[in-house]
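Welcome! Take a look at it first, and then we will go through it topic by topic.

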Amino acid sequence: MKGAWAVAKEDLAEAVLAFEHFLRQRGFKVTRTRLWIAERALGFPGHFSAADLWGTLRIHGISMATIYRTLDLLEQADLIRRCTFMGTGARYESCLGHKHHGHFLCRRCGTIVEFDEGEVKEFLCKIADEHDFQLQQTVIQGFGLCAACRHAEREGWASP
Ligand SMILES: [Zn+2]
Ligand SMILES: [Zn+2]
């Protein structure tokens with residue numbers, strides 16, 4: 001769901017501040033570059049790769065290495081989530097205004113569908129209980145074909 005959520009300006013400013021606080025607390029350097037990257041990443045409307053982010057920051061001459069490093073720090077600060085989809089590189093998404101959810105990924109066009117994982121999670125907790133396992137984190141994702149791609153395959157169209 002590209003552009004499915006928007007982040008309020010105040011929330012964004014607050015999250016960048018929280019990141020700055022995190023960096024200081026952990027003894028990492030607070031640089032203007034890191035804060036720029038944080039602002040773009042936290043406000044990014046949808047799932048993005050490091051290269052997507054780099055595309056929006058190109059004018060600042062920021063290296064990919066710096067972007068990867070900052071994304072890593074943002075993840076440690078619990079401000080962004082890394083979602084790794086089979087067959088694609090790591091993608092990220094802002095945690096702002098966006099609660100934990102599951103993903104379906106279309107194998108043909110890469111479309112991502114998000115869904116509320118509430119019931120699935122409850123079910124997993126129950127199974128974990130039965131195995132005396134304390135569940136701390138779950139990643140729920142599925143792979144397949146979206147409606148448009150199923151239609152395209154029926155009609156014999158080439159991949160986009
Ligand atoms: Zn598709
Ligand atoms: Zn998502």
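How far apart do the C-alpha centres of domain 1 and domain 2 lie? In this predicted model, the distance between the two centres is 24 Å. Domain 1 covers residues 1-98 and domain 2 covers residues 100-160, according to the domain assignment of the protein chain.

**Where the domains touch**

- Domain 1 brings 6 residues to the contact, and domain 2 brings 8 residues.
- On the side of domain 1 that touches domain 2, 4 residues are nonpolar and 2 are polar, with no charged ones.

**The largest nonpolar core**

- This core has 14 residues, and those that touch the most other members are A38, A41, L71, L74 and I80.
- At least two core residues come from each of helix 1, helix 2 (32-43) and helix 4 (64-76).
- Helix 2 gives the largest share, with 4 residues.

**A18 and its surroundings**

- A18 belongs to helix 1, which spans residues 9-26.
- Is A18 buried or partly exposed? A18 counts as partly exposed because it has 15 C-beta neighbours inside 10 Å, whereas a buried residue would need 20 or more.
- A18 and L79 are 61 residues apart along the chain, yet their C-alpha atoms are separated by 8.7 Å.

- Three strands make up an open sheet with mixed pairing, and their order is 4-3-5.
- Strand 4 (112-115) and strand 5 (141-144) are the edge strands, each pairing on one side only.
- On average, and with direction ignored, neighbouring strands of the sheet are turned by 20° against each other.
- Strand 3 (residues 102-106) and strand 4 run antiparallel and are joined by 4 bridges.
- To see this pairing for yourself, look for F104, which stands opposite V113 in strand 4.
- As background, strands of a sheet pair through backbone hydrogen bonds, in either a parallel or an antiparallel way.

**Residues with a positive phi**

- D78 is not a glycine, but its phi is positive, at about 60°.
- You can find D78 in the loop between helix 4 and strand 1 (80-84).
- D78 counts as exposed because it has 10 C-beta neighbours inside 10 Å, and the cut-off for exposed is 12 or fewer.
- D132 also has a positive phi without being a glycine, and here the value is about 50°.
- The loop between helix 5 (118-130) and strand 5 is where D132 sits.
- Why does D132 count as exposed? The reason is its 6 C-beta neighbours inside 10 Å.

**Helix 6 and what follows**

- How many of the 9 residues of helix 6 (residues 147-155) are buried? The number is 0, so helix 6 lies largely in the open.
- After helix 6 comes G156, with a positive phi near 75°.

Conventions: Residues numbered from 1 in each chain as written. Chains lettered and ligands numbered in written order. Predicted model: local features only at pLDDT ≥ 70, side-chain atom pairs only at ≥ 80, totals over all residues. Domains from an automatic or database assignment. Contact = placed C-beta atoms within 7 Å. Nonpolar A, V, L, I, M, F, W, Y, C, P; charged D, E, K, R; others polar. Pairing = 2+ DSSP bridges. Axes fitted to C-alpha atoms, helices over the stretch in contact; angles between N-to-C directions. Core = buried A, V, L, I, M, F, W, Y, C linked by C-beta atoms within 7 Å.
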